[in-house]
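Me: I would like to go through this structure and ask what lies behind the words used for it.

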Amino acid sequence: MDKTFVNFKNQVCLITGAGSETGIGFNTAKILGSLGGRIALIATTDRIYKRADELKAMGIEAKGYIANLMDRDETNAVIKKIADDFGDIHVLINNAGMTQVGEEEDFTDILNVTYESWDTSISRNLTLTFNVTKQVLPYMVNNNYGRIVNVSSVTGPIVSNPGEASYSAAKAGVIGMSRALAIEVGKNNITVNNVLPGWIGTASQTEAEAQGGLNTPLRRSADASEVANAIVFLASKEASYITGESLVVDGGNTIQEYKGDSKYYY
């Protein structure tokens with residue numbers, strides 16, 4: 001008898017934004033694969049092939065794909081290729097967004113931000129998720145089963161920062177889109193949920209963000225695997241009656257009213 005709480009045996013799991021070895025996407029892929037999932041990884045550069053090779057070395061069936069998911073033609077082509085290679089798609093983890101290799105995030109305030117910058121941020125953090133989801137959904141509807149987990153953020157739905165209006169709007173938009181979709185596809189045994197990370201100690205974390213992590217109730221940033229564990233549960237068969245929801249993974253940061261130096265309060 002298999003005593004594993006969750007497993008993904010024979011399930012094809014697609015994870016976007018999985019190129020960074022320290023990132024949430026790749027950590028999620030490792031866990032899903034270790035639990036029996038067949039893993040398809042997408043990123044914008046050829047480092048995704050190295051991530052796939054690392055999974056294969058762990059005994060996991062995996063394949064990497066390069067695509068710009070902001071481009072709908074590329075998105076359509078890569079999803080069809082994945083479905084042809086693996087035969088199906090059962091789980092979708094929409095993790096891509098925020099930053100892209102070779103491009104810096106723009107923190108310009110609304111008064112001075114360019115229209116191009118705004119449109120790019122919305123495309124990267126919201127429309128991209130729509131592009132992938134729309135192409136994957138027919139496979140899930142055909143199976144009368146699917147799990148979609150979107151990696152949003154506490155930034156936008158709950159809190160925000162100066163210079164992050166477009167990012168905040170996009171990540172809040174992901175939540176709204178997810179709720180509508182959850183209602184639409186519930187009859188097809190497809191659930192749609194969101195994970196909202198706070199301060200995460202990945203390779204791209206800035207010094208300021210690291211300081212933010214130290215000021216949470218848990219006094220540290222999260223490891224990417226701690227976010228990945230939440231994603232994996234929502235992506236499992238066992239999370240069968242949870243849909244349209246948002247799970248905050250932020251070490252309690254957004255529940256605390258006072259966020260200044262602890263010596264003045266705590």
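Me: Which residues of helix H2 (residues 47-57) are buried?
Reply: The buried residues of H2 are Ile-48, Arg-51, Ala-52 and Leu-55. Buried means under 20% relative accessible area, exposed over 50%, and partly exposed in between, with a 1.4 Å probe and protein chains only. This is a predicted model, in which local features need pLDDT of at least 70 and side-chain atom pairs count only at pLDDT 80 or more, while totals for chains, interfaces and linings use all residues. Residues are numbered from 1 along each chain as its sequence is written, and side-chain values use heavy atoms, with hydrogens and water left out.

Me: How do you know that the buried residues of H2 line one face?
Reply: The buried residues of H2 are Ile-48, Arg-51, Ala-52 and Leu-55. Seen down the axis, they fall within an arc of 100 degrees, so they line one face of H2. The arc is that of the directions from the helix axis to the C-beta atoms. An α-helix has 3.6 residues a turn, so residues three or four places apart point the same way. The face of H2 turned away from the buried side carries the exposed residues Lys-50 and Ala-57.

Me: What do the buried residues of H2 pack against?
Reply: They pack against helix H1 (24-34), E2 and E3; contact means heavy atoms within 4.5 Å.

Me: Why are the buried residues of H3 said to be on the same side?
Reply: In H3, Thr-75, Val-78, Ile-79, Ile-82, Ala-83 and Phe-86 are buried. They cover an arc of only 135 degrees around the axis, which puts them on the same side of H3. Turned away from that buried side is a face with the exposed residues Asp-73 and Asp-84.

Me: How do you know that the span of H3 is close to the expected one?
Reply: The expected span is 1.5 Å times one less than the number of residues. H3 (residues 72-86) has 15 residues and reaches 21 Å from its first C-alpha to its last, close to the 21 Å expected.

Methods: Helix = DSSP H or I, 4+ residues; strand = E, 2+ residues; numbered from the N terminus.
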